[in-house]
Amino acid sequence: MVSTQLQKARDFEAQYGPHIPAAERPAFHATPTIGWMNDPNGFSFYQGKCHLFYQYHPYSNEWGPMHWGHLTTEDFIHWERLPVALAPDQPCDAGGCFSGSAVELPDGRQLLMYTGVQQERDEEGVLRDIQTQCVAIGDGLNYEKYALNPVLDKDNLPEGGSAADFRDPKVWQEADGTYYAVIGNRAADDSGAVLLYQSADGLKWDYVRTLDACHNQYGKMWECPDFFPLDGRQVLVTSPQEMYPIGLEFHAGNNAMCLIGNYDSKSMEFHRQTVQAMDYGLDFYAPQTLLAPDGRRIMIAWMQNWSTAGAKPAHCRWFGQMTLPRELVLRDGRLCQRPVRELEACRGERILHQNIPVCGEVNLPGVQGRVVDMTVTIRPTGGEGYRWFRIHVAKDGTHDTIIRYKPNESTLKIDRTRSGLPHDIVHTRSFLVRPQKGELKLRIILDRFSVEVFVNDGEQAASSVIYTRQEADAITFEADGQALIDVEKYDLMV
Ligand code: FRU
């Protein structure tokens, strides 16, 4: 049954969504049909297609009562718009259908598991959220909320666990048919924890254990967990709030990190060994992964940051976009990520410049554009070397977005100070990179309103949105000293 709230949202997006011209959106990054988008939800394969739901407020470009928007794709590049999947229309989710995930049931239907938010007054009369886990079952288009929702509430929390911060279930099914879910929670010490639950049918759930906890070390509340095996190890992903910087690895505020370790599936214990940032740019949060039928672990994230999400172009009709989906692998114990290989099928003519000496600022024939896949390899000339090397993209006389490498510090810096944002928010971020024999390789993906940089074949990624006018399409290379570069560049024809 389609509720009044759901029908209203469907009618609204059907009426206003088509008015947004394609050129006002990225060419291949997922955006909301109309209005506001945050976290990816229910990123999964179902009936031969990849489904991507998202935190959605169609009625304005601001966060508001959360719905689930819905997209599908067959190649992670071209997205098809489906009608809103969930609206806040039940007592247990009247305050919003928060983040969650999807899994296929044995009878072929799709189960969505999400956080229902209700508001309640505490003893002092202050309104606070009560978060529970709910499910809805459907056919890939329409979903029926389960009559016995919520399926998990405060009675299923470990001692001291907060009912106000209990959200973002990520569900999966093991080979023996059992369903598992990891859920973020605020523990008794006021910082985050990832809880593990299990279920035989996806409807009746039991608490198993706390998989790992923050203990006030990596931020506070841990949002949007994910948990999966990768290349013989186990990866626990979370998005901490209120992170305090740790060197150049984690910056202040909202972060996304992965804890890499081992998982004993019998005792259901996870032992973390290393901790790593997921992305080193300005805009990346709440990543979610899926296992593709061909065995690839593919991740997508909200290409935004809560601290800067208030800064947007005036009157924009859509706000919020996803990163390019990325293939994950472990290399030397580190999580590495590369753009999905499907992107390569969109490459136009190859422009190749090899062994180009750069001293001062140069542009190269055929190297410009805003929908671009470009790899730049920077090396010393053997002479005096260089103090810094800059790649300027989305450039005209007034604007540019700068990717700057400093070899003596081994730092890469993203600077979007002059990238169309009129707000005084964080515009730069630096991080440590690992040059190989003095060489640094940067793959840069531009898609009208974003820059994603992949360092050394995916050893690190850095994502940032930009709002620079599209006419600013120059790309230049600049060295303070002497550098030698190779540039391989393709326009992306989507
Ligand atoms: C993360 C988050 C989630 C929550 C959702 C609400 O960005 O805060 O924890 O479910 O956004 O929109």
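Predicted model: local features only at pLDDT ≥ 70, side-chain atom pairs only at ≥ 80, totals over all residues.
Figure 1. Lys-145 counts as buried, with 15% relative accessibility; buried here means under 20% relative accessible area, exposed means over 50%, and partly exposed is in between (1.4 Å probe, protein chains only). Residues are numbered from 1 along each chain as its sequence is written, and side-chain values use heavy atoms, with hydrogens and water left out.

**Figure 2. What the side chain of Lys-145 reaches.** Setting aside neighbours within four places in sequence, the residues in contact with Lys-145 include Leu-86, Pro-88, Asp-93, Cys-97 and Tyr-114, contact being heavy atoms within 4.5 Å.

Figure 3. How many residues surround the ligand? There are 13, and the closest are Asp-39, Gln-55, Asp-168, Glu-223 and Trp-306; to be near the ligand, a residue needs a heavy atom within 4 Å of it. Sorted by class, the shell has 6 nonpolar, 3 polar and 4 charged residues. Here Ala, Val, Leu, Ile, Met, Phe, Trp, Tyr, Cys and Pro count as nonpolar, Asp, Glu, Lys and Arg as charged, and the others, Gly among them, as polar.

**Figure 4. Polar side chains at the ligand oxygens.** Asp-39 puts a side-chain N or O atom 2.7 Å from an oxygen atom of the ligand. For Glu-223, the distance from a polar side-chain atom to a ligand oxygen is 2.8 Å, and for Arg-167 a side-chain N or O atom is 2.9 Å from a ligand oxygen. Taken alone, the ligand exposes 320 Å², and the protein buries 95% of that (Shrake-Rupley areas with a 1.4 Å probe; for residues, only the protein chains shown count as cover). Strand 1 (35-46), strand 5 (96-104), strand 9 and strand 13 (222-230) are the elements that give two or more residues to the shell.

Figure 5. Most residues other than glycine have a negative phi, and most peptide bonds are trans. Ala-286, in strand 17 (residues 285-291), has a positive phi near 55° and is buried at 1% relative accessible area. His-315 also has a positive phi, about 65°, but this residue is exposed at 75%, in the loop between strand 18 (297-302) and strand 19 (318-319). The bond from Asn-149 to Pro-150 is cis, with omega near 0°; Pro-150 is in the loop between strand 8 (143-145) and strand 9 (166-173).

Figure 6. The disulfide count is 0, a disulfide being a pair of cysteine sulfur atoms within 2.5 Å. For Cys-92, the nearest cysteine sulfur is that of Cys-134, 3.7 Å away. Cys-92 is buried at 9% relative accessible area, and Cys-316 is buried at 17%.

Definitions and conventions:
Helix = DSSP H or I, 4+ residues; strand = E, 2+ residues; numbered from the N terminus. Polar contact = N/O pair within 3.5 Å; in protein donor to acceptor, adjacent residues only side chain to side chain.
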